[in-house]
Amino acid sequence: MSPRVVVLGPPGAGKTTVGQLLAQRLGVPFRDVDDDIVARAGKAISDIFTTDGEPAFRAMEEQAVADALAEHTGVLALGGGAVLAEATRRRLAGHTVVFLNVGMAEGVRRTGLSTARPLLAGVNPRATFKALLDARLPLYREVALIEVSTDDREPDQVVDAVLAALAGVAEQQPAGQQPTGQQPTGQQPTGQRPTS
Ligand SMILES: Nc1ncnc2c1ncn2[C@@H]1O[C@H](COP(=O)(O)OP(=O)(O)O)[C@@H](O)[C@H]1O
Ligand SMILES: O=C(O)C1=C[C@@H](OP(=O)(O)O)[C@@H](O)[C@H](O)C1
Ligand SMILES: [Mg+2]
């Protein structure tokens, strides 16, 4: 079994928000790996970072992503840093991966009021966000089938853009390799595809 769609991208891109809406529109369950980690650890992500450290969080995250990829058949949202693990990027090959992108200004605006993201809690969130984008954009693009910009779209409009982009990819693929089906798609990464 395989998730229908895996959603990834930087913090504030709307993975959790849009992932839920996308699941509703597709009529499938939604799962967020961050929630799995919190449930397993029995504490908030910010507490995991503080008491156990980022490497321990990343190890939990890699295992939680592997389990969710094996178990979940609906829409699966990953945390923004999940792609840092090479093993996770390998596991994502063949899945229908949607990269929700957000620029620095809008990403900082969307995450600014929350204390839930320990990586962005420092003195200069703009610089931190910029460094995070520089390091991760190539990784998101390496594993994604489609890339959708969220900066100037409401969550519902992002869902529309995702569904349109997936339909466009499906048209280009032979029957049996549909990107919103349950089978791996064998797709090319977004680096070779137009963005929406
Ligand atoms: N397209 C959007 N336009 C405006 N606000 C958004 C959009 N997507 C998400 N948000 C808001 O940004 C914040 C972070 O969204 P969230 O779904 O938690 O992002 P992620 O899971 O990617 O970190 C939330 O307050 C959410 O309501
Ligand atoms: O970007 C990151 O490294 C992180 C993003 C968070 O998830 P969201 O991307 O859903 O905010 C969460 O997994 C953790 O705080 C680490
Ligand atoms: Mg999230």
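## Close-up views

**R117 and its contacts.** Leaving aside its neighbours within four places in sequence, R117 touches P11 and T111, where a contact means that the C-beta atoms of two residues, placed from the backbone, lie within 7 Å. This is a predicted model: local features need pLDDT of at least 70, side-chain atom pairs count only at pLDDT 80 or more, and totals for chains, interfaces and linings use all residues. Residues are numbered from 1 along each chain as its sequence is written, while chains are lettered from A and ligands numbered from 1 in the order in which they are written. R117 belongs to the loop between helix 6 (104-111) and helix 7 (125-143); helices are DSSP runs of H or I with at least four residues, strands are DSSP runs of E with at least two, and both are numbered from the N terminus. R117 is buried because 20 other C-beta atoms lie within 10 Å. The class is set by the count of other C-beta atoms, placed from the backbone, within 10 Å of a residue's own: buried at 20 or more, exposed at 12 or fewer, partly exposed in between.

**The buried face of helix 6.** G107, V108 and T111 are the buried residues of helix 6. Viewed down the axis of helix 6, they fall within an arc of 95°, so they line one face of the helix; the arc is that of the directions from the helix axis to the C-beta atoms. An α-helix has 3.6 residues a turn, so residues three or four places apart point the same way. Helix 7 is what the buried residues of helix 6 pack against.

In an unreviewed UniProt entry, "binding site" is listed for G12, A13, G14, K15, T16, T17, R117 and R153. These positions span 142 residues in sequence and their farthest two C-alpha atoms are 22.7 Å apart, so they do not all gather at one spot. UniProt positions are given in the numbering used here, feature names are shortened, and annotations may be inferred rather than shown by experiment. R153 sits in the loop between strand 5 (146-149) and helix 8 (155-172). With 17 other C-beta atoms within 10 Å, R153 is partly exposed. Neighbours within four places in sequence aside, R153 contacts V158 and A161.

**R58 and R136, two further annotated arginines.** The unreviewed UniProt entry also gives "binding site" for D34, R58, G80 and R136. R58 is part of helix 4 (residues 54-71) and counts as partly exposed, with 16 C-beta neighbours inside 10 Å. Beyond four places in sequence, R58 is in contact with L84 and A85. R136 is found in helix 7 and is partly exposed, with 18 C-beta neighbours inside 10 Å. Beyond four places in sequence, R136 is in contact with P10 and V83.
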